[in-house]
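Q: I have a structure open and would like to go through some of its local details. Could we start with the side-chain contacts?

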Amino acid sequence: MTNKHDQQHKATESEKGIHTDFMNNMTYGEYLKLDDILSSQKRLSDHHDEMLFIIIHQVSELWMKLILHETNAAIESIKANELQTSFKRLARVSKIQSQIIQAWDVLSTLTPAEYMEFRESLGQASGFQSYQYRLIEFALGYKTSHILKIYEKDPELHRILEEAYHAPGLYDVAIQALAKKGLAINPDTVNRDFSKPYKEDPTVREAWLTVYRNVDQYWDLYQLAEKLVDIEDWLQQWRFRHMKTVERIIGFKTGTGGSSGVDYLKKVLDHRFFPELWDLRTEI
């Protein structure tokens, strides 16, 4: 009994430095703006499971915000020839992607019958309209002009998307890094119109093959390539889990945003962001 009392006393003594008076100091909740965040779950129906639906999508959008923060910083680092800095940022993106993928496991606990209880409340709102997801696609080089029309309602948002649409993506600056290292890259590819989807180029293929066949000589470029492969791998896994979760909950119904739903999600699985980095695995 005495030992237990002594332990409790020691614990109390060791925590005397804990701050408890916040009348004139910032609290944890104030720093994180928790009142704003935790009051943003507004159900449009009375159904219990709509809360799950809202929170999963809000959490995913927060993770996407961080993906964009890190990816755009990595692009700037590669432009500045600071490849080591970009590796840390791209590695973090991959870890974030794993978190978003796991979110689908939570959403898949929503059954078709439960979802149909509040689906009409969504109107035409859909994850298809997620502007952060579109910005991620743009940053990875997947540019689709018709998508921009969705965001004309908000001029400032439309401007941000338009700017990202014309900016070089992650793969574009990686190809430029190849050229800076003296590898022969078609100038038309290095200086191409970045608003157009990237098309495979034989000089890029040969350059990456050279990197993979001479790892010691091109160690930084080799690491960069593997970081890109990680990101595409995780993104495709995210897309697959998205597709299977949608199929599990609504089957082959049309999406609330008007897309073909599962059929659309299956089609995008065929798209590749960094094609030469996947093709060279067959040739090495």
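A: The model is a predicted one.

Q: Which backbone atom lies 3.0 Å from a polar atom of the Gln41 side chain?
A: That is the backbone oxygen of Ile37.

Q: What is Gln41 in contact with, leaving aside neighbours within four places in sequence?
A: Gln41 is then in contact with Met51, Ile54, Ile55 and Gln58.

Q: Moving on to Ser45: which loop holds it?
A: Ser45 also lies in the loop between H3 and H4. Its relative accessible area is 14%, so Ser45 is buried.

Q: Which side chain does Ser45 join in a polar contact?
A: The side chain of Ser45 is joined to that of Glu50 by a polar contact of 2.6 Å. Beyond four places in sequence, Ser45 is in contact with Glu50, Phe118 and Ser121.

Q: New topic, backbone angles. What is phi of Lys33?
A: Phi of Lys33 is near 55°, a positive value in a residue other than glycine. Lys33 is placed in the loop between helix H2, residues 28-31, and H3.

Q: And what about phi of Asn81?
A: Asn81 is not a glycine, yet it has a positive phi of about 65°. The loop between H4 and helix H5, residues 83-107, is where Asn81 is found. With 47% relative accessibility, Asn81 counts as partly exposed.

Q: Last topic, helix packing. At what angle do H11 and H12 pack?
A: Helix H11, residues 202-213, and helix H12, residues 219-250, pack at about 110°, and their axes are 9 Å apart. That angle makes H11 roughly perpendicular to H12. Their crossing is left-handed.

Q: Which residues make that contact?
A: H11 contributes Trp208, Val211 and Tyr212, while H12 contributes Leu221, Tyr222, Ala225 and Glu226.

Q: How many residues of the H11 and H12 contact are nonpolar, polar or charged?
A: There are 6 nonpolar residues and 1 charged residue in the contact, with no polar ones.

Key: Residues are numbered from 1 along each chain as its sequence is written. This is a predicted model: local features need pLDDT of at least 70, side-chain atom pairs count only at pLDDT 80 or more; totals for chains, interfaces and linings use all residues. Side-chain values use heavy atoms; hydrogens and water are left out. Axes are lines fitted to C-alpha atoms, for helices over the stretch in contact, and angles run from 0 to 180 degrees between N-to-C directions. Helices (H or I, at least four residues) and strands (E, at least two) are DSSP runs, numbered from the N terminus. Angles under 35 degrees count as roughly parallel, over 145 as roughly antiparallel, 65 to 115 as roughly perpendicular and the rest as oblique. A crossing is left-handed if the near helix is turned anticlockwise from the far one by less than a right angle, and right-handed if clockwise. Contact means heavy atoms within 4.5 Å. Ala, Val, Leu, Ile, Met, Phe, Trp, Tyr, Cys and Pro count as nonpolar, Asp, Glu, Lys and Arg as charged, and the others, Gly among them, as polar. A polar contact is a pair of N or O atoms within 3.5 Å; within protein, one must be able to donate a hydrogen and the other to accept it, and residues adjacent in sequence count only if both atoms are side-chain atoms. Buried means under 20% relative accessible area, exposed over 50%, partly exposed in between (1.4 Å probe, protein chains only).
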